[in-house]
Structures are given as C-alpha cells and as structure tokens.
Amino acid sequence: DVRALVLAMEDAAQAEDMSRYYALNLEFHDLLVKIASNQTLADLYLSIVNRTHLFRRRGLVHQGSLNTSNQEHRQILDALERRDAAEAERLLSLHVARGWTRLASSVETH
C-alpha cells in the first residue's frame with residue numbers, strides 16, 4: 001500500500017537510515033508505475049532506474065534531503081487519495097525535477 005510505504009519512509013528519514021529509505025523509495029516509485037498500468041511508462045521507468053541507481057541515491061545524501069523527498073511523496077499520495085490526477089501528475093513531475101536538482105547539488109559540493 002502506498003500510504004504504508006510513505007509512513008515507512010518517514011520513519012527511515014527520521015532515523016537518517018539512507019539504505020532503508022532508498023529501498024523503500026524504489027518500492028514507492030515502482031508501485032506508482034504499477035498502479036498506472038501503462039506499459040510504455042513502465043518500460044521507460046525501468047530503463048531510467050537501471051541506469052541511474054547510483055546517482056539517485058547520491059541525490060539524497062544532503063542533510064534534510066530524505067525528509068524533503070518524503071514530503072513530496074506525501075503530497076503525491078494526498079493528490080492520489082483525492083483522485084486528483086492532474087495534481088498528482090504535476091507533483092510527480094515536480095518531484096522528479098527536484099530530485100535532479102538535489103542530485104546536481106550533491107555533485108557540485110563534492
């Protein structure tokens with residue numbers, strides 16, 4: 001269940017448990033793709049995920065990034081629960097863009 005994943009990620013973020021958070025994060029995104037029931041999206045997502053694992057994890061290393069990322073997850077979940085597809089899509093796009101920004105920031109500081 002998506003809500004259970006968000007809550008588990010919240011616990012991992014509070015504990016600053018990067019490994020647990022990252023695994024749950026992958027599970028969260030995988031589940032959203034599965035719920036979408038869109039094979040083209042699933043194929044594209046799998047291709048991107050397989051190529052970006054190390055970079056995606058690195059984007060979460062800065063202080064507070066786990067909590068920030070999970071706040072975005074919670075907003076996405078809230079939109080899904082309201083059945084507001086347009087808002088969920090907007091928030092998902094914003095989450096991806098912010099994730100890339102977090103990644104770029106982590107690369108610049110190292």
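Before counting anything, I need the term: a cavity is a set of grid points where a 1.4 Å probe fits but cannot get out. I also note that I'm working from a predicted model.

Entry 1, the cavity. How many cavities of 30 Å³ or more does the structure hold? I find one. The largest cavity has about 30 Å³ of space in it. I looked up what surrounds the largest cavity and wrote down E72, Q75, I76, L91, L94, H95 and R98. Helices α4 (65-81) and α5 (85-108) each bring at least two residues to that lining, and α5 gives the most, with four. Sorted by class, I get three nonpolar, two polar and two charged residues around the largest cavity.

Next I turned to the second largest pocket, which comes out at about 180 Å³. Its lining is made of A79, L80, R83, D84, A85, A86, A88, E89 and L92. Here too I see α4 and α5, each with at least two lining residues. Which helix gives the most to this pocket's lining? That's α5, with five residues. By class I have six nonpolar and three charged residues in the lining, and no polar ones.

I picked A23, which sits in helix α2 (residues 18-36). Is A23 buried, exposed or partly exposed? I put it down as partly exposed, because its relative accessibility is 44%, and that class runs between the 20% and 50% cut-offs. I also checked A23 against M9, 14 residues away along the chain: their C-alpha atoms are 9.1 Å apart.

Conventions: Residues numbered from 1 in each chain as written. Predicted model: local features only at pLDDT ≥ 70, side-chain atom pairs only at ≥ 80, totals over all residues. Heavy atoms only, no water. 1 Å grid on protein atoms, 1.4 Å probe; cavity = no way out; pocket = protein on both sides within 12 Å on 5 of 7 lines; lining within 4 Å. Points joined across faces, edges and corners; volume = space filled by probe spheres on them. Nonpolar A, V, L, I, M, F, W, Y, C, P; charged D, E, K, R; others polar. Buried < 20%, exposed > 50% of the residue type's maximum accessible area, 1.4 Å probe, protein only.
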